[in-house]
Amino acid sequence: MLSWLFYGPEDIRLEEIPQPIIGEGEVLVKIKAAVTGGTDSKTYLRGHPRIIKTIPSAFGYEFAGEVTESNAVGFKTGDRVIAANTAPCYECFFCKKEEFQLCENLDFLNGSFAEYIKIPEQIAKHNLYTIPDSLDYKAAVMTQTLAVALQGFIKTEIQTGDVVAIYGLGAIGQCFIKLCKNYIDGVTVVAIGRSEQKLELAEANGADHCLRHCEPERRGNPDLKTRIKELGYTYGADKVIEAVGKVETWQAAMSLVRPGGTVNFFGGAPKGSKIELDSFQLHYQETKIIGSFHHQPKYIKEALDLIASGKIQMSDLISHEMKLEELEKTLEMMIAGEAMKVLITSSLRV
Ligand SMILES: [Zn+2]
């Protein structure tokens, strides 16, 4: 079968490798749809400490497909499925506290940019789902993206009446907007981004205010905090979600939240990054800070239900469709900011 392999930063190669052989409890899936995500671009550029374990490594982690062979209870040949890229062990310290996303034994599944993928037993048992008949592969493949945002959304404890500032309007930022506008009622969204196209998408997804972030200090524009005040939110936003993952935006996010509000540092910055925190803001203003990483099986399940029910529509986040052979070009487009999520369909030879 054809499979992309990661050899090192900016060195991926499409190779012919043997089709995986499945063992006890495992499932073989023919990939029908895969999508690229921000993690793929980051991994392509600099590798990944947790996802890439060996060189060369299979690559890509979001996919939907058809079961071609199954040794797992509950799945048979012909089933249409989606899987998460991990499953918790249910035995470690964190799993016992039901903080499954922090499981010490998460084994990341790679290999969605290939013709077939083997689903390990633990994922087949706990994080593999049959796709409802109403959904095509293209819709189902977005489940994991929504699940990651859904966990962050739930952890932020957004309430009816809240003003939520969403900083960063990539696929995840757009998912947060969709959740704010469709998951509960009466939430006001202030969307903050740089690209005109992403701001337009934010508006289409229901953002109430769209602020273009444009380096105010250089151009003499008011800063974002002032602009949020000018919208009538004198004290700042009730909740701020940082979905960029840069030190500058983490720092800026702290200035947008009202006293007593919550900042969710959702975007992962490089390891070792530091920001300054004002003790006055944390103590006297009771600002809460949280983070959100990865997902739990219950959010994968709920995200699939949300998509299947039509409550959350994800297809607008797919900006392009490409063939398996075009992955390098696709990643370059992602890195250049020309693409949001790219759907990778079958190989040219199929
Ligand atoms: Zn565990």
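Student: At roughly what angle do the axes of helix H1 and helix H13 cross?

Tutor: Keep in mind that this is a predicted model. Helix H1 covers residues 38-46 and helix H13 covers residues 327-335. Their axes come within 10 Å, and the crossing angle is roughly 105°.

Student: Are H1 and H13 roughly parallel or roughly perpendicular to each other?

Tutor: Angles of 65 to 115 degrees count as roughly perpendicular. The axes cross at roughly 105°. The two helices, H1 and H13, are therefore roughly perpendicular.

Student: Which residues in H13 meet H1?

Tutor: Start on the H1 side, where Asp 40, Ser 41, Tyr 44 and Leu 45 take part. By class, the contact of H1 with H13 has five nonpolar residues, one polar and one charged. On the H13 side, the partners are Leu 331, Met 334 and Ile 335.

Student: Now for another spot: is Ala 147 buried or exposed?

Tutor: Ala 147 sits in helix H5, residues 143-155. Leaving out residues up to four places away in sequence, Ala 147 touches His 295, Tyr 299, Ile 300 and Ala 303. A residue with 20 or more other C-beta atoms within 10 Å counts as buried. Because Ala 147 has 26 of them within 10 Å, it is buried.

Student: And how far apart are the centres of domain 1 and domain 2?

Tutor: The domain assignment gives domain 1 as 2-144 + 295-345 and domain 2 as 157-291. Nine residues from domain 1 and seven residues from domain 2 make up their contact. Taken over C-alpha atoms, the separation of the two centres is 29 Å.

Terms used:
Residues are numbered from 1 along each chain as its sequence is written. This is a predicted model: local features need pLDDT of at least 70, side-chain atom pairs count only at pLDDT 80 or more; totals for chains, interfaces and linings use all residues. Domain bounds come from an automatic or database domain assignment. Two residues are in contact if their C-beta atoms, placed from the backbone, lie within 7 Å. Helices (H or I, at least four residues) and strands (E, at least two) are DSSP runs, numbered from the N terminus. A residue is buried if 20 or more other C-beta atoms lie within 10 Å of its own, exposed if 12 or fewer, and partly exposed in between; C-beta atoms are placed from the backbone. Axes are lines fitted to C-alpha atoms, for helices over the stretch in contact, and angles run from 0 to 180 degrees between N-to-C directions. Angles under 35 degrees count as roughly parallel, over 145 as roughly antiparallel, 65 to 115 as roughly perpendicular and the rest as oblique. Ala, Val, Leu, Ile, Met, Phe, Trp, Tyr, Cys and Pro count as nonpolar, Asp, Glu, Lys and Arg as charged, and the others, Gly among them, as polar.
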